[in-house]
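I opened this notebook to record what I looked up in the structure. The entries follow in the order in which I made them.

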Amino acid sequence: MHQGNQSAVSEFLLQGLTTGPEQQQVIFVLFLCMYLVTMVGNLLIILAIVSDTHLHSPMYFLLANLSFADICFTSTTVPKMLADIQSQTPTISFAGCLTQMYFFMLLVDPDNFLLAAMAYDRYIAICQPLHYTALLNPKRCTLLVASSWVVSNVVSVLHLSLLSHLTFCDRRAIPHFFCDLEPILRLACSDTQLNHLVVLAVGGAAIFLPCAFILVSYALIGSAVLRAPSAKGKRKTFPTCGSHLSAVSLFYGSIVGVYFLPSSAHSAENDKVAAVMYTTVTPMMNPFIYSLRNQDIKRALKRLLSRKILLWRQ
């Protein structure tokens with residue numbers, strides 16, 4: 001393990017995605033566009049669901065919360081990266097780094113539970129439709145969402161409390177575009193065995209249990225749909241399930257690539273690519289994934305935009 005000057009580190013240097021000035025300007029424009037698309041797309045989904053009484057159902061309540069979480073956790077990383085590119089001083093204080101990590105973990109973990117809750121919603125709607133209203137009443141939906149935020153807060157506080165006791169040597173350059181847990185742990189010169197154990201145990205449970213729940217739910221849905229005599233029902237169900245599973249695969253695949261592969265399989269470039277996928281690409285794609293094949297969302301968006309255009313003309 002690296003040994004060096006063990007004086008307190010007051011700030012870190014975020015190396016970003018690339019060091020070339022020309023490439024950085026391209027990255028700035030690209031990520032600014034992706035961020036704006038993410039904000040506008042997810043905000044439109046939320047406004048459409050809130051403004052349309054036809055969408056006041058458990059599935060769309062969960063989708064609105066997913067869009068809100070995507071807006072928030074993307075905003076913990078991308079604006080800072082864009083500001084660093086423009087200022088040419090990509091530094092962040094130790095306290096600022098911990099703060100960014102806390103809000104990032106707090107806001108990204110609910111996606112795991114919301115994706116699982118949405119799979120549960122589809123399972124009940126398809127496999128147990130007569131019990132749908134009883135099993136997914138407003139009180140239970142609110143409890144599911146609130147529980148995801150409480151668990152995420154506990155996980156975030158646990159990771160940060162362990163991280164705050166680590167000693168950092170003279171290495172202060174983070175080969176990343178934001179303060180992520182794994183790159184920070186690699187900079188520590190004190191023992192990080194407990195931190196890695198918590199990442200595997202607590203983080204693994206927070207990620208793999210919802211993922212396993214989603215896979216089981218969709219296995220049961222697939223079995224039920226294949227047994228259904230109606231071909232129309234199959235055509236209607238599989239595109240919706242396929243869209244959700246696409247989002248799930250993109251999100252979980254990139255997270256596993258960052259946090260749960262062996263250390264020998266890690267590289268700074270691969271970690272950056274995987275991080276971009278789940279911090280930027282997935283939140284940007286979710287509004288398209290959940291709306292392009294959803295006629296209810298399309299109609300709600302048309303009504304919303306029509307009302308806004310009429311107001312502007314007046």
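**Strand pairing**

I first looked up glutamate 11 and found that its bridge partner in strand 2 is serine 93. The model is predicted, so I note that local features need pLDDT of at least 70, side-chain atom pairs count only at pLDDT 80 or more, and totals for chains, interfaces and linings use all residues. Residues are numbered from 1 along each chain as its sequence is written, and side-chain values use heavy atoms, with hydrogens and water left out.

Strand 1 (residues 11–14) runs antiparallel to strand 2 (residues 91–93), and three bridges join them. I next turned to strand 3 (residues 173–174), which runs parallel to strand 1 and is joined to it by two bridges. There, alanine 173 stands opposite leucine 13. Strands (E, at least two residues) and helices (H or I, at least four) are DSSP runs, numbered from the N terminus; strands pair if DSSP finds at least two bridges between them.

**Faces of strand 1**

I recorded Phe12 and Leu14 on the covered face, and Glu11 and Leu13 on the uncovered one. In a regular strand, side chains alternate between the two faces of the sheet.

**Helix packing**

I then looked up helix 2 (residues 58–75) and helix 6 (residues 138–163), which pack at an angle of about 20 degrees with axes 10 Å apart. Helix 2 is therefore roughly parallel to helix 6 (angles under 35 degrees count as such). Among the contacts (heavy atoms within 4.5 Å), I noted Phe61 and Phe68 in helix 2, and Val145 and Trp149 in helix 6.

Notes
Axes fitted to C-alpha atoms, helices over the stretch in contact; angles between N-to-C directions. Parallel < 35°, antiparallel > 145°, perpendicular 65-115°, else oblique. Buried < 20%, exposed > 50% of the residue type's maximum accessible area, 1.4 Å probe, protein only.
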